[in-house]
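Thanks for asking me to look this over with you. Below are my notes, point by point, to read alongside the sequence and the 3D view.

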Amino acid sequence: MSTSVANIPPQVEIVDQPLDSQMTISMGPQHPSTHGVLRLELVLDGEMVVKATPDIGYLHTGMEKLFEYRKYQQGIVITDRMDYLNPLGNNLAYVMAVEKLLQIEIPERGQVIRVMMCELQRIASHLVWLGTHALDLGAMTVFFYTFREREKIMNLIEAASGGRLTPSYFRVGGLMMDLPAGFERRVQQFEDDFSKALDEFHKLVTGNRIFQKRTQGIGYVSAEDAIDLGLSGPSLRGSGIALDIRRANPYTGYETYDFDIPVEHDGDVWARYLVRMREMRESHKIVQQAVSRLKPGPVKADAPKVVLPDREAMKTHMDALIHHFLLVAEGVDVPPGEVYHPIEASKGELGVYIKSTGGPKPARVHFRGPSFVNLSALPHMSRGCMVADIVAIIGSLDIVLGEIDR
Amino acid sequence: MSELQQPESYTEVSQPASPQTPSQIAAALQREHADWVSEITTALGETTIVVPREQIVAACEFLKTTPDYEFNFLADLCGFDRGPEEEPRLEVNYHLFSTTRHHRLRLKVLLNEEDAHVPTVTMIWRTANWHERETFDLFGVIFDGHPDLRRILLPDDWQGHALRKDFPLRGYEPYSLT
């Protein structure tokens, strides 16, 4: 035995044998690969993970409670801060649920703009995922290329809404305002460049043998388990289930767009990677169709008791001024009822449950965040893998802690 | 590099014709098992079935395994507090979805405040695990038979249930981690 052991007094008994004991370590909440403040309690046998238990709640800010104290239109800015990589998707799910309660339809141009902006946001969200996923696995360069492209989308969102990360662009009954002049041309310019950029990402990552070795066969989840665990979005489609809410329960006119649902059957990290890469191309297709459908017209529903009037109308029409005052001071009177509205966000099924008991404030708002449910599948996926693979699996689930903790 | 040129095997999803709408399913359920259904409401295109809590596991199991319904996916489970003076006070909502037939259904269980117990559905859908923990954490609904019923979002030593209506927005006192 070494000298250090010999120096221990005889009354101290050494029971812990380092080679055949299990070790519990805490990964996070400040670990860079946990994409936020996620803490994992890992039980390790050597370098093998025996059990991984996620510990969440570090970013809990009581948003669902806050909704109950805010008017419906004030809730939109809270949704921005949930899944902060896909804020327009959150806006859409929330305002569509409120619109369902109010039973109002928004005009064609408003719907097309919603689809276009949501698909741009989906691409931006997937670009952050791609950059950070590759960064987690040691490929630093990809991050710079993906953020270069994402910056272009952020500029587009800023041009439309004035905000980059927290746009709050969709409002109950329509949009905040119409697109600025020349927006179509800027989107078209982005579209022309993006196809080439996507090929570039494939060249950087897809053919990379280190990336393939780190992802293939890791974090396997079968189709039955994926449904049982409630996985949705790309994480479910990577296991061979062709389910997309845009097709299954269409909203905002998605049934009229021509796009494919990418499916992979391997169920591992690599399969989920391929699904997301192909999804970006499909979103690219949808944006192009939406741009070609943009025709002049109103972007807000004709519902003066719900939608804020235009500035110009307020200066010339008495009733517009009264409606504006009542909407801001008292809010929208939403009839009693309850709705659950699901949309296909960039990470999976984002469902919003709103319960109204009448009046300007909701009685309950619940967000079914895809990241929350997808993360709950992590213990199942990570059993028996290596510590380094945990990072790959978390990356492939594409979680955002703002949405998990709410 | 085959992905670059031609993505193989795109699977086109066919729209399976749903043989029954959710309201028809609810009516059929009432015919077959009258004691499972206390009330059916259809509003805003969504169907809600109020189920007595003793029957919720049987009803979920039946809806999941019956070939015509196939509610194999628990989309969401969430609680609601009607307020301290209401009786029954608490609601638990189960949002069911079918990945093959693409229809949705809401089941609802009503609970009294002093007896807020409901059987767990984690053995039917494993995804219910975290949803039930969240509902326990924020509403104090106890899911009997749950394998790991701990607080999930709030700290383990938190007092009270934050989403109940009588819990103040800013809490009772500033929470300290030390």
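1. Let's begin with Leu96(B), which sits in strand E4 of chain B. Please keep in mind throughout that this is a predicted model. Is Leu96(B) buried or exposed? There are 26 other C-beta atoms within 10 Å of its own, and 20 or more is the mark of a buried residue, so Leu96(B) is buried. Leaving aside residues up to four places away in sequence, Leu96(B) touches Leu63(B), Phe71(B), Leu74(B), Ala75(B), Arg104(B), Leu105(B) and Leu107(B). For a sense of scale, Glu85(B) is eleven residues from Leu96(B) in sequence, yet the two are 30 Å apart in space, C-alpha to C-alpha.

2. Next, the partner of that strand. E4(B) pairs with E5(B) in the antiparallel sense, over eight bridges.

3. Stepping back to chain B as a whole, its secondary structure comes to four helices and seven strands. Along the sequence these follow the pattern α-α-β-β-α-β-β-β-β-α-β. Of the 178 residues in chain B, 37% are buried. Taking contacts in chain B between residues at least 6 apart in sequence, 50% join residues at least 24 apart.

4. Two loops of chain B deserve a look at the backbone. Most residues other than glycine have a negative phi, and most peptide bonds are trans. In the loop between E3 and E4 of chain B you will find Pro88(B), and the peptide bond from Glu87(B) to Pro88(B) is cis, with omega near -5°. In the loop between E4 and E5 (104-111) of chain B lies His102(B), which is not a glycine but has a positive phi of about 65°. With 18 other C-beta atoms within 10 Å, His102(B) is partly exposed.

5. Gln103(A), in the loop between helix H4 (87-102) and H5 of chain A, has a phi near 55°, a positive value in a residue other than glycine. Gln103(A) is exposed, with 11 other C-beta atoms within 10 Å.

6. Now for a helix pair in chain A. How do H5(A) (residues 108-136) and H12(A) (residues 269-293) pack? Their axes are 9 Å apart and meet at an angle of about 155°. Angles over 145 degrees count as roughly antiparallel, and H5(A) and H12(A) are therefore roughly antiparallel to each other. Their crossing is left-handed. Among the residues making the contact are Val112(A), Met116(A), Ile123(A) and Trp129(A) of H5(A), and Met280(A), Ile286(A), Val287(A) and Val291(A) of H12(A). By class, the contact has eleven nonpolar, three polar and five charged residues.

7. Strand E8 (residues 364-368) of chain A is mostly covered, with five of its five residues buried. In a regular strand the side chains alternate between the two faces of the sheet. Both faces of E8(A) are covered: Arg364(A), His366(A) and Arg368(A) are buried on one side, and Val365(A) and Phe367(A) on the other. Strand E7 (residues 348-356) of chain A runs antiparallel to E8(A) and is joined to it by five bridges. Opposite Arg368(A) in E8(A) stands Gly351(A).

8. Finally, where the chains meet. The contact takes 45 residues from chain A and 34 from chain B. On the chain B side, the elements giving two or more residues are helix H1 (2-5), strand E3 (73-81), strand E4 (90-97) and helix H4 (128-139). The largest share of that side, six residues, comes from E3(B). By class, the chain B side divides into 20 nonpolar, eight polar and six charged residues.

Key
Residues are numbered from 1 along each chain as its sequence is written. Chains are lettered from A and ligands numbered from 1 in the order in which they are written. This is a predicted model: local features need pLDDT of at least 70, side-chain atom pairs count only at pLDDT 80 or more; totals for chains, interfaces and linings use all residues. A residue is buried if 20 or more other C-beta atoms lie within 10 Å of its own, exposed if 12 or fewer, and partly exposed in between; C-beta atoms are placed from the backbone. Two strands pair if DSSP finds at least two bridges between them. Axes are lines fitted to C-alpha atoms, for helices over the stretch in contact, and angles run from 0 to 180 degrees between N-to-C directions. Angles under 35 degrees count as roughly parallel, over 145 as roughly antiparallel, 65 to 115 as roughly perpendicular and the rest as oblique. A crossing is left-handed if the near helix is turned anticlockwise from the far one by less than a right angle, and right-handed if clockwise. Two residues are in contact if their C-beta atoms, placed from the backbone, lie within 7 Å. Ala, Val, Leu, Ile, Met, Phe, Trp, Tyr, Cys and Pro count as nonpolar, Asp, Glu, Lys and Arg as charged, and the others, Gly among them, as polar.
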